[in-house]
Amino acid sequence: MSASVLRVGFVPLLDMAPLAIAHELGFARAEGLNLELRAAPSWSSLRDMLLWGQIDAAHMLAPLPVAMALGLGGAVAQVDILQNLSLNGVVVAVSLGLADAMRARGHGFGFDDARTTAADLARVAQGVLRIGVPFPFSTQAALVGRWLRETPLRYELCTVPPPRMADALGKGEIDAYCVGEPWGSMAVETGAGALVLPGKSIWAAAPEKVLAARHDWIEAHPDLTRALMRAVWKAGKWMDDPDNRETACALLGRAEYVNAPSELLDRILRGEMIVSPRGELRHTPQIIRFHQDAASFPWRSQAAWFAADLAQRHDLPVGPAIDAAQAIARTDLYRENLRDLGADLPGASAKLEGAISAPMTVASERGTMILPPDRFFDGHIFDSAACV
Amino acid sequence: MKLHIVIVEPDETRARLVIDSLQPLGHQVTVIGEPAGLARRVRDIAPDIVLIDMANPSRDMLEEMTLASGPMDRPVAFFVDRTDTELTRRAIEAGVSAYVIDGLQPDRVAAVMDAAIARFQLFQRMRLELETTRRALEERKLIDRAKGILMKKRGISEEDAYALMRKTAMDQKRKVVDVASALVTAAGLLS
């Protein structure tokens, strides 16, 4: 039987790893798929390629399908979330000028305390801070909004393509940025700035990228959808094994994938974060997660959280936004297609976002499973059921 | 009514091509070549239409415009004409993305898009031809160098050197240029 060709788009970032691994390590082939991976130059182009059928599925910023479900940004078709590709994996960088000023005021670059870092940044920032994010509908935009909401800091979000972020910081086009790795660490590598926070210090389990496809395509191709989800899930599992890290980084560094030094990717996956051009090292384990503890389960409450955030920012009614978002999180397909692989399947498809501060045992289809912390730095707890 | 059109395009040849197709229609055209501060510059110019290559990584910087909601802002939409999906499909295939001020007459937008799509296609063809010519030239040079190496090492004529490479290529089911490339690499290592 010849393999079915599936065209899958991505933007060059470390968190596209499950797609590259599914292709390179034969997980796709084992499911009868031949993945044709296509790098997209921008998120808007990736979205349009998916909407207009030039690709069948895509690596996407988690809030992007949600924004489309809310009618934001020129959507012409419903795009569903099949599973999470990664959690966290973003960092916040500031310019050397801001870093020096923060240091002079006693900031220790501990790289772990969102509240102190926001206060220290607010103390030295002058005028309106320009903060780069990869896209208006991005986890990064949502995280920055959450992080700075209680500070007096005035800021505006500027969209900058991830691979250009460090350059834009160095040239003074922006003062700070929040982006997926390795484009955050690139600020330190190029001497353009310093890292002040990993995204997980703002929200411990923020969905970062998802595997998305058009709703009508999924309906028309249930077998291909199943094969793709299984291949990607197995690739994510493979990624989480530390023994595979070096192989993964050698593959991912290549020009057709992330196009970044393998050593840098390896260091990030090990959590050895160099936060300033002085070489200060901060051990930050699990800066990005692909698989463990149901990381790839597309919780309806995660989509709902992004919907509430987008609705507030764009003046839309929150209740209908949450309903629309929950409808595209395909927990049904996740259960159906990954059950026999032994995936952790939680008893419920929604949870209180932000309520878990220590690993917690919850009901699962096979008994119990562990959910890792998902707290927000400010204690925010989001109950999607209470908003609709 | 004259439209003000911004083209975001670092490649001067392509920018020129698009300008030449739009100016005869009576439109004013401004080119922005640099990505720095793109969104702000477009906002300052306040054009009716912005054209940008889909492959341009700076495109995301324009996406913010579709969200501008201040009282003074003019609404902008990514060009997706629901009544003429064929035009949209052609635009996407040609790699043209456009941002259009809300309220422009659809036929006026369509005329601009038609012209831009034609020029983008022309440019794609030109680039393809240029690439084909360049590759042919490089292959030619490589084969000539390999021929030279064989002639010197084995004291054979140019014709025989080429015949030898062609036979080797046929025996190994490879292209002549691949054999030449292997030969040049090996000679480089051995010298």
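This is a predicted model: local features need pLDDT of at least 70, side-chain atom pairs count only at pLDDT 80 or more; totals for chains, interfaces and linings use all residues.

User: Fine. Which domains is chain A divided into?

Analyst: Domain 1 of chain A takes in 4-86 + 207-257 + 290-344, and domain 2 takes in 90-205 + 278-289.

User: And how far apart do the centres of those two lie?

Analyst: Going by C-alpha centres, domain 1 and domain 2 of chain A are 26 Å apart.

User: How many residues are in contact between them?

Analyst: On the domain 1 side of chain A there are 23 residues, in contact with 16 residues of domain 2 of chain A. For the domain 1 side, α4 (63-69), β10 (207-214) and α14 (300-313) of chain A each supply at least two residues.

User: OK, switching to the two chains. How many residues of chain A are in contact with chain B?

Analyst: 21 residues of chain A, and they meet 20 residues of chain B. Two elements of chain A give two or more residues to that side, namely α3 (43-51) and β7 (155-159).

User: Which one gives the largest share?

Analyst: α3(A), with four residues. Taken as a whole, the side of chain A that touches chain B divides into 10 nonpolar, seven polar and four charged residues.

User: Let's do chain B by itself. How many helices and strands?

Analyst: Seven helices and five strands. Along the sequence they follow the pattern β-α-β-α-β-α-β-α-β-α-α-α.

User: Why is chain B said to be more spread out than a compact globule?

Analyst: Because its radius of gyration is 25 Å, and that is well over the 16 Å the globule rule gives for 191 residues. Along its principal axes, the C-alpha trace of chain B spans about 80 × 30 × 30 Å.

User: What are its domains, then?

Analyst: Domain 1 of chain B is 4-129, and domain 2 is 133-190. Taken over C-alpha atoms, the centres of these two chain B domains are separated by 47 Å.

User: And what percentage of chain B is buried?

Analyst: Buried residues make up 35% of the 191 in chain B. On contacts, take those in chain B with a separation of 6 or more: residues 24 or more positions apart account for 60% of them.

User: Now backbone geometry. Which peptide bond in chain A is cis?

Analyst: The one from E181(A) to P182(A), with omega near 10 degrees. P182(A) sits in the loop between β8 (176-180) and α9 (185-189) of chain A.

User: What's the phi of N259(A)?

Analyst: About 55 degrees, so positive, although N259(A) is not a glycine. You'll find N259(A) in the loop between α12 (245-252) and α13 (262-270) of chain A. It counts as partly exposed because it has 13 C-beta neighbours inside 10 Å.

User: And in chain B, where does A46(B) lie?

Analyst: A46(B) is in the loop between α2 (38-45) and β3 (49-53) of chain B. Its phi is near 50 degrees, a positive value in a residue other than glycine.

User: Is A46(B) buried or exposed?

Analyst: Exposed, because A46(B) has 12 other C-beta atoms within 10 Å, and the cut-off for exposed is 12 or fewer.

Conventions:
Residues are numbered from 1 along each chain as its sequence is written. Chains are lettered from A and ligands numbered from 1 in the order in which they are written. Two residues are in contact if their C-beta atoms, placed from the backbone, lie within 7 Å. Ala, Val, Leu, Ile, Met, Phe, Trp, Tyr, Cys and Pro count as nonpolar, Asp, Glu, Lys and Arg as charged, and the others, Gly among them, as polar. Domain bounds come from an automatic or database domain assignment. The radius of gyration is taken over C-alpha atoms; the globule rule is 2.2 Å times the number of residues to the power 0.38. A residue is buried if 20 or more other C-beta atoms lie within 10 Å of its own, exposed if 12 or fewer, and partly exposed in between; C-beta atoms are placed from the backbone.
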